[in-house]
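Subject: Structure for your review

Dear colleague,

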Amino acid sequence: CEAVCFSENKNLNLTSVRYKLTLIGSLPVHHLTTMAMLPWVVAEISRGGGQLDPSTRNQTVFLCASASWVRCVSVLGEGVVWDPLTHTLLFECRPHQVTKLIHNSQEPSSFGCLVRDAPNCACYVFQCQDSTKVPEIISTLRQAGKSSARSDDITILSTTFSKKFEVLFCGRVSVAHKKAPPALIDECIEKFSQLHGSGTTSGAVGNGATGSPTTGKRPVLFKRDPSFPCLQALDENGLSPEISHTNTTDAHAHSTVQPTSLQENRTMLFTVGRSQIFLVSPDTKKVAIEKSFREISFCSQGIRHVDHFGFICRETVEGGNCHFVCYVFQCTDESLVDEIMLTLKQAFSVAALQQNAKTQSQQCDSCPMQQLHRLCERIEGLHPSKTKLELQKHLATLDNQEQASVFENTMRARPKSDQEENELVMVSLRNLYEERQRSHQHTLSGDKQEAAPAPVEAQQQSSSRQRLEQFKSRAKRSLTESLEGIWKVTVWSLYCVCLSTLLFLIILRCHNSTGDLKRLDPSLHLSPSSSSLPGDSQPQGFRRRASTFSHPPTPSSAEYSPLSTLTHSPQDQTAATKPKLVRHYSVSTDTPHQSKDVAALSSPSASYDVGESPLRSHRHSWRQQIFLRVATPQKSTETNVFSGLHFEVPPKPPVLIICFLLEIPVDQHCKRTKRSKEELRELWRKAILQQILLQRMERENQKLQASESDLQNKRLKLDYEEITPCLKEVTLVWEKMLGTPGRAKVKFDAETIHAAVAQGVPRQHRGEIWKFLSEQYLLRQTVPSRPPANHTPYKELLKQLTSQQHAILIDLGRTFPTHPYFQAQLGAGQLSLYNILKAYSLLDPEVGYCQGLSFIAGVLLLHMGEEDAFNMLKFLMYDVGLRKQYRPDMIILQIQMYQLSRLLHDYHRDLYSHLEQQEIGPSLYATPWFLTAFASHFPLGFVARVFDMLFLQGSEVIFKVALSLLGSHKPLILQHESLESIVDFIKTTLPNLGLVQMEKTINQVCEMDVSKQLQAYEVEYHVLQDELLDTPPTLNQHQRAAQLERTNQSLRQQNLDLLEELQVSHARVCSLESRVEALAQSEGQLREQVSALEEEKKQLASTVIPLQYSPKQLKKTGTTKQNIK
């Protein structure tokens, strides 16, 4: 089997995988075929009963799978690209239409699948040369099916029923049963606490990408869905690689406790869908756990820990076994847990009603296929002999013609064993019930009890009269038909006995000739353990799987034979206590569960000395023996006929026999030599180097994919139309300022920055420029603003739970619903936005979360990373002062509405009068402008320019933009004469102004200055409020008390604001005093330097005067010397 992964479409991010297999056969089946029937269908196809074209049977095919289709095509040659004109397409369907997959652990190289393509349904059986690839193929098909099913159901999930909660993933515990005691959640939490206290976190379940296994070993199929893109590659248990990689360790231990790591972000979004539960990690932006309602068996809430809950679900481990796992979560409070439990109960009820309505329309209890399903469930896990008896009981319920047809079809095929006979009977029953189902009409709900067949227990407890009638109906069969069946079975049984005895004696003679085995003693006896059926050796609590293609007998039952229990004679007492090790080579063409028929004839003498075979230990009356010969002739009775036959075969070496049986050339076996140490060492060296190279290539591919994903996300974020195109010269100015070393401490010229912002901001550098403007804003502030009381880092805030989760989760879908980055439900954009809003709600408990903050954070997130966007949001709220308008009382917002009205009154009196005449206050249209900074209604290009000015000038920019917009559209507003038309124009028509008008508005904002007017209007608002409070009371006592309470609250808030201003003023005074002190110190130092310089000057002057007379003295001295000479 070869697996080839390739990408088909980069835009869809769709990966496909192709496997080279052998198609054994196929068979059309009824669309109501269940998983219990499928093993018998696969066994029929494997035996050669499929209805595939003989020319295409056992041919090599390519099974191609992706997230959107599964295709099976014939192979014409190596390296040939698939072409629909030259290749034979066997089938093609959506991945979720491959509904059932079946794999046999005893025949690991084969697997089957059921393809439902309405109105047709077929079963296909494939074989793979490499048996280790079969689990990978099945897992790949299941992943593709889940991805395809999500793409079909996600629109319904997002519109009909989907509720989200934020929870803390505590860990998971493997449990022994699907139902749990009430105290399970508390016990799990105690175990988690013990492991965390002891520091045992080696098996902790992580939520991040660290420690995750390499995803390149197994092909991963997923399609990035535009409506739910975080649903990526999950395994067959619905777990992400970060969580599922710990499931392989101690998978069979029922006491495995795996708490989550306290150092990682454990918060998740618990999403309840229509038929599934998703646990989305906002940290990794992926689905960590996905469970369907069918996999969940139990939900519970903690008794002592009422803020915890969990559920138990079924998971598959390596080898095909299943175990149950309990997942435990924590919420903020008990009320949230109650809401989650109520939501789960409602979701389960709705899903059950929908499923019942769907199944009732397709089948009823009296459907023939439903009867076949119940029969398959009854015989599942039984030994072939017991399965045969159950089938006989079921055949007795049929009429004579149907019984004769089943018997004739079965005997015509000449079965060699009970298992093969059971398979042939099931083929006839399946064809019979499918034919009945085509003409069946469903019964009404009131008639179900009458039409439904009685269960097996009721049939067994029926009266003896009914049992007698069954025997009578069987006895009425014609003597000719019975004798004919006996003759057919007897002849075929004698032929099988002769062939089996001959082949076994050949092997036995070869063993005796080469000395591999000692001569068997004729006085052999059976061990006591061989007196019961192989199927009875299992404990009562464990139910054996069906002996079919999917679940053949266990090795102990499949290899059961008297030879396996033979021992030596009493002459060797030590050897008599141990089983004899017999090595034999089977040449039978039967399936593995038929090896007991050959082994039973291993010694002719043993059959006489030992007595009855263990399979015939129960004696029957002569009537029962006649009945059993007619119904199912016993093969063991005819084996004694030829038990005395002996065959002389010339000896042959065992190696040649093995090569002959396995079809291996003798020369090839003889030429096989052992490799030397140097060759093995060289092979190991090559393997290690190749593994290192593969790991390096995987890391490089991951880096390239990450960089490509970052670039794609950046292009997706900046997908808006720019208003003011930035020229190349202006871009160079910005790049020069951004590239200045230590720019956070360098104060640039304010006029230069203003001119650069007015000329435009390059879109690709806008996020970095906003950070630069915030740094300059803080450098220009002489008085530092009050920092938040909570100094917890952003990463630590994300690990906590917030009480504002409902309001945040509701507003995620309302924030920029048309932008591609935020459009996807629980996509990377929505999850990053949720993280920012959640972190701020924990940072500022007074504000928490308010509508409008999501748009502010969304604009920031479009231009920078998640953590940088959070820091910029904190800067706008605390340093710029936007935090005041989001307080619960919103008094600052009322003041802003008054300031905007006063600006209209002073600058546009006619527009103000027209709005007042229609009783339109600014709160009807301007509230979202202030709360979202124009981001909720205006284009993103215009909003980005508003944010440019906001980082540069502060919150007064919102007043300037509002005043400019209303003033520039004043003639159009004055034309409307009703309240509805005016408000509709301002809310819908005004945001859709052209690019020229938007750029004109921004230019007006750059030249406007209303800071003094805003301060005056704020003082005026407080004075008017005080005058209103001082008016004589005309209210009753209750209203007066309420008014006084509101006044007291307002005064208290004003007191807090004044206290804040006092603190700011005090800080300013302190800074000025320290500055004066520093200037005084510098002045004293300068005076000391001046006095020192004056003294130095005097000394220098005194030194210069003597030096002025020294040349004259030297000249006189020289003249005197000359005169003396």
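In this predicted model, helix α23, which spans residues 728-738, and helix α24, residues 750-759, have axes that come within 10 Å and cross at roughly 135°. The angle makes α23 oblique to α24. In handedness, the crossing of α23 past α24 is left-handed. On the side of α23, the contact is made by Val730, Trp734 and Met737, and α24 contributes Ile753, Ala756, Val757 and Gln759. Sorted by class, the residues of this contact are six nonpolar, one polar and no charged.

Helix α29 covers residues 828-843 and helix α31 covers residues 866-880; their axes come within 10 Å and cross at roughly 40°. Because of that angle, α29 is oblique to α31. Here α29 passes α31 in a right-handed crossing. From α29, the residues in contact are Ser832, Asn835, Ile836, Ala839, Tyr840 and Leu843, while α31 supplies Glu866, Ala869, Phe870, Leu873, Lys874, Met877 and Tyr878. The contact of α29 with α31 comprises nine nonpolar, two polar and two charged residues.

Next, please look at helix α30, residues 853-863. How many of its residues are buried? The count is eleven of eleven, and the helix is therefore described as mostly covered. The buried residues of α30 include Leu853, Phe855, Ile856 and Val859. Ser854, Gly858 and His863 are also among them.

Two loop residues have a backbone angle worth checking. Phe816 is not a glycine, yet its phi is positive, near 45°. Phe816 sits in the loop between α27 (805-812) and α28 (820-823). With a relative accessible area of 8%, Phe816 is buried. Leu826, likewise not a glycine, has a positive phi of about 55°. The loop that holds Leu826 runs between α28 and α29. The relative accessible area of Leu826 is 0%, so Leu826 is buried.

How many disulfides does the structure hold? There are zero. For a pair of cysteines to count, their sulfur atoms must lie within 2.5 Å. The cysteine sulfur closest to that of Cys121 belongs to Cys123 and is 8.4 Å away, which is too far for a bond. In the case of Cys170, the closest cysteine sulfur is in Cys331, at 9.0 Å, and this too is too far for a bond. Cys121 is buried, with a relative accessible area of 6%. Cys170 also counts as buried, at 7% relative accessibility.

Finally, some totals place these details in context. The chain has 41 helices and 16 strands. Of the 1125 residues in the chain, 42% are buried. Among contacts in the chain with a separation of 6 or more, 74% are between residues 24 or more positions apart.

With kind regards

Terms used
Residues numbered from 1 in each chain as written. Predicted model: local features only at pLDDT ≥ 70, side-chain atom pairs only at ≥ 80, totals over all residues. Heavy atoms only, no water. Axes fitted to C-alpha atoms, helices over the stretch in contact; angles between N-to-C directions. Helix = DSSP H or I, 4+ residues; strand = E, 2+ residues; numbered from the N terminus. Parallel < 35°, antiparallel > 145°, perpendicular 65-115°, else oblique. Left-handed = near helix turned anticlockwise from the far one by under 90°. Contact = heavy atoms within 4.5 Å. Nonpolar A, V, L, I, M, F, W, Y, C, P; charged D, E, K, R; others polar. Buried < 20%, exposed > 50% of the residue type's maximum accessible area, 1.4 Å probe, protein only.
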